[in-house]
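Work through the exercises below with the sequence and the coordinates at hand. Each task is followed by a solution in steps.

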Amino acid sequence: MSSPTTAPTVPDATARNWASDKLFLGMSFWEYAKSLATPGNFLAGLIMAIGLPLLAYRFIFGLGAATNLSQTNPWGIWIGFDLLSGVALAAGGYTLATSVYIFGLEKYHAVVRPAVLTGFLGYLFAVLGLAADLGRPWNLPVPIVYSFGGPSVMFEIAWCVVLYLTVLFMEFLPPIFEWLGWPKARLWAVRMTIGLTVFGVMLSTLHQSSLGALFLMAPTKLHPLWYSPFIPAYFFISSIAAGLSMVIVESALSHRAFQHRADHHTDVDGIALGLARGASIVLFAYFFVKLQGIADGGRWALLSTPYGYWFLVEMLGFILLPSMLFAYGARHSHVRLVRWTAAWTVLGIVVNRLNVSVIAMNWNVPDRYIPSFMEVWISITLVTLGVSTFRWIVNRMPVLKAHPEYPESSSH
Amino acid sequence: MKLNRRTFFKVAGTAGAAALAPARTASAATSAEVLDAGRRGVLVDTTKCIGCRACEAACSETNRLSGPAMPDDAAVFGSLRKTDTTSFTVVNRVTPATPERFVKQQCMHCLEPACASACLARALDKTPMGPVVYHKDRCLGCRYCMVACPFDVPKYEYDKALPYVTKCTFCADRQAKGESPACTSVCPTGALTFGNRNELLDIARERLYAKGSPYVRHIYGENEVGGTSWMYITDIPIEKLGLPTDVGSYAYSSLTQASLAAVPFVLTLWPPLLMGIYSFSKRRDAVAAHGSDTQEEADHV
Amino acid sequence: MIPHDILTLYSAKMLEYGIAVLFLALFIPFWRYVQGPVKAPALAAARSRRPAARAAEWFLAPADRLFHRGHAWLMGGDEGIVTVGMDDFAAKLVGPLSRVSLPAVGASVGQGEQAWRLTAADGRSVDMLSPVDGTVVELNAALAETPELAERDPYGDGWLMRVRPSRLRANRINLMAGRAVHRWMEEAAAGLRGHVAPGLGALAQDGGMPVAGMARAIDPEGWDRLAATLLLTGEEGSDA
């Protein structure tokens, strides 16, 4: 399923068929299978060889056997990391689609498709993480089809995510149809782009903020420095910064890892600098918005407590600092600095989501939650699966480079 | 923006109307008067509880649970217990002696339950009679109800491969048959009084404001989280009851009201806003690329 | 939730407004800092008085100068002295420069005749044609130190030389301006695509600026010949 990171060898002319062309990178099945023996694939395979049985164990023996969840701490890292952080980091899909298709910033065209793909896979694997966490995942269709908990924020999230996954998938149809060689279908898919983008931004605004709104229901359980009526705004604004940073990181890694599939004329550096400019402004505003939340709640005194120090680490180290570094890097064209800052920002988003869901949640209760080895490994497995899927798709479909028959894919 | 009971049931009612038949019977829209008349509650008078735990035994029997732990051993009061998947109610000794006071804990069956408003599949549902019931066939096991409940009532069957949420049911099926809940029916001292909530409030006030009454003048559950079905009166400081005192008197469903109210606004405002920006940027690009040639074209986008 | 009593509410509100005002005050300088100094590849050169026009999504061609088919430009200056330079297409085509060899002050240049030579880091070089007839009166001294300027800011600090034109009105017939420049740039970009080996697929990347040294990217071994062809100084003969 995964693909080699080096260019394939000369294809065996006798193995020419649709499967060879589309699935096996032009090789016969056996050649392809042999080509899979790379260090990257070995690592991925190792991770999954442990992780997939663990996943089975969790479903056979129950959540209690596989996780450290408890009656006091019903949510752990599958919610905090896989779902919350995964969704936040997948925000590159809507931020880039809006920048390119709505705001007309053609400069970023080369990274729209990878961003939409990252978005789609990010959401898909976040939902898979959720399915691992749910006690009865087979009931997922219930709130969609016949029993509607209207007053629930979770209900709105469920609907939004289902719709948005569909939107992201449909936004990704043009490269799929180009890969399959179906020009009429591709044209039909391309025409929907603007509508899908607008719909997607709407859905993203709603569920990015609603994931934060979930925690409004826990005023006595979430530490007051993180609890605020403005959590929805915090989550939404930080999702923009998360998406931009993730695109910077992903484009840097992709253009290095997929050199034989990437368009060498993409100005990855220029794009990174431009995105950094945007991210620095967003983080700057986000910092002040959170500051306003502290003022509004009158929480200043809490800053000198241990949790207060940790909050300051998040504010100063993971929000203000990257904002300044992005600004400096963008102004002086320091692409390396920008890339490392983007990675740091990604980490900062994960830290924030974990803070809200697990670290600052139930902060005043003796029974604290620490993830079990199995939970951690299953999370890593899901991420590995996501990355492998990304590689599989990028190695076959026109994501990092336009399809030769559709060079003007820039015009849709 | 506070959600009052009326609008809560209206929302619940219309949402219920949109769902299929099985959901309907639980909470079709009703008027406030009928609600008040039918709403049941329990008054827990801790001055009368002797810690016999007959309520625990009756609850376990009715719900076919394996409890209670240490049924005849007073050592059970050595530590404070919580409800769990095999004990829907527990009695804790909260003060050691003079006076020795016991507090029965169970689901509070809030008038506007956080758990029900949090449940995306309406597995937890408030009935007009009072009980917050659990429709286990709808539950996804997301455990958001556990995060939302300020009393930490719902418990999860983590040890099972096919787990459910568990909590006190207020014996809804017994109530439907006209009986009282198992626990209240076996209480020997009258510490538990089951009846119409308004009447119970009157009884409580009578006791509280009687001349020379030892009671603390606060009915816990009258207004907490917007009011609960199970209410407590006591003669020891309220904080000693072991029930959360920081929950406020607003219904928890009001906490997410503003956020959810924004949804239709976003759905309405975002498309014209975004399409406006789109038209503007398209026009600007057209003008920049082709000068005055394509004014006509630009005017049409 | 921490309750507000009515008195702390006053100071809390003032603090909130204060933070908002602080943010607004800091935002404007921050925005300007982040946007950075005006850079030629992304914006018009500082000297250009009118906004730059983008041609064919790829190359910059400011509206206030005249262009020669050899990809040089000239801009009218004071006292009849014109400034001459190379355009964005030529700059991107050749890429980073190690030397720019200009004619001496006082030398004559002819429109359509070889006038200066660009040498890249690998030692290969390509000549370019002068857009105008005249006498060189001044050279851009900065290029001796930093030849990269010519490639990085071809319309601004990377100007090449100043010339006193001898037949400007006649020369203008062979120079392009306005919309013609856009069409010509688009053709140049299309012509570039024609030089690409079929297997590489379309060069048309989705909207970003082409990286420097396009000729080298297309043909590492013979890029100088390719560049000379496109800049009209190749063996096919220079433009008369």
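A salt bridge is counted when a side-chain nitrogen of Lys or Arg lies within 4 Å of a carboxyl oxygen of Asp or Glu. The model is predicted.

**Exercise 1.** Find how many salt bridges link chain B and chain A, and examine one of them.

Solution. Applying the criterion between chain B and chain A gives two salt bridges. One of them pairs the side chains of Asp152(B) and Lys221(A), with N to O at 2.8 Å.

**Exercise 2.** Describe the extent of the contact between chain B and chain A and what chain B brings to it.

Solution. Start with the residues: 57 come from chain B and 57 from chain A. Next, the area buried between the two chains is about 4,900 Å², and carbon and sulfur atoms give 65% of this. On the chain B side, Leu120(B), Leu140(B) and Tyr158(B) supply 15% of the area that chain B buries against chain A, more than any other three residues.

Then turn to polar contacts: 24 residue pairs, both members at pLDDT 80 or more, are found across the interface. Among the elements of chain B that each supply at least two residues to the side touching chain A are α1 (5-18) and α5 (114-118). The most comes from α10(B), with 14 residues. By class, this side of chain B has 38 nonpolar, six polar and 13 charged residues.

**Exercise 3.** Which strands stand at the edges of the seven-stranded open sheet in chain C?

Solution. Write down the order, β7-β10-β11-β5-β4-β3-β12, with antiparallel pairing. β7 (108-109) and β12 (175-176) of chain C each have a single partner strand, so one side of each lacks a neighbour in the sheet. For β12(C), two bridges join it to β3 (residues 66-68) of chain C. In this pairing, His68(C) stands opposite Leu175(C).

Terms used:
Residues are numbered from 1 along each chain as its sequence is written. Chains are lettered from A and ligands numbered from 1 in the order in which they are written. This is a predicted model: local features need pLDDT of at least 70, side-chain atom pairs count only at pLDDT 80 or more; totals for chains, interfaces and linings use all residues. Side-chain values use heavy atoms; hydrogens and water are left out. Contact means heavy atoms within 4.5 Å. Buried area is the accessible area (1.4 Å probe) that two parts lose on being put together, summed over both. A polar contact is a pair of N or O atoms within 3.5 Å; within protein, one must be able to donate a hydrogen and the other to accept it, and residues adjacent in sequence count only if both atoms are side-chain atoms. Helices (H or I, at least four residues) and strands (E, at least two) are DSSP runs, numbered from the N terminus. Ala, Val, Leu, Ile, Met, Phe, Trp, Tyr, Cys and Pro count as nonpolar, Asp, Glu, Lys and Arg as charged, and the others, Gly among them, as polar. Two strands pair if DSSP finds at least two bridges between them.
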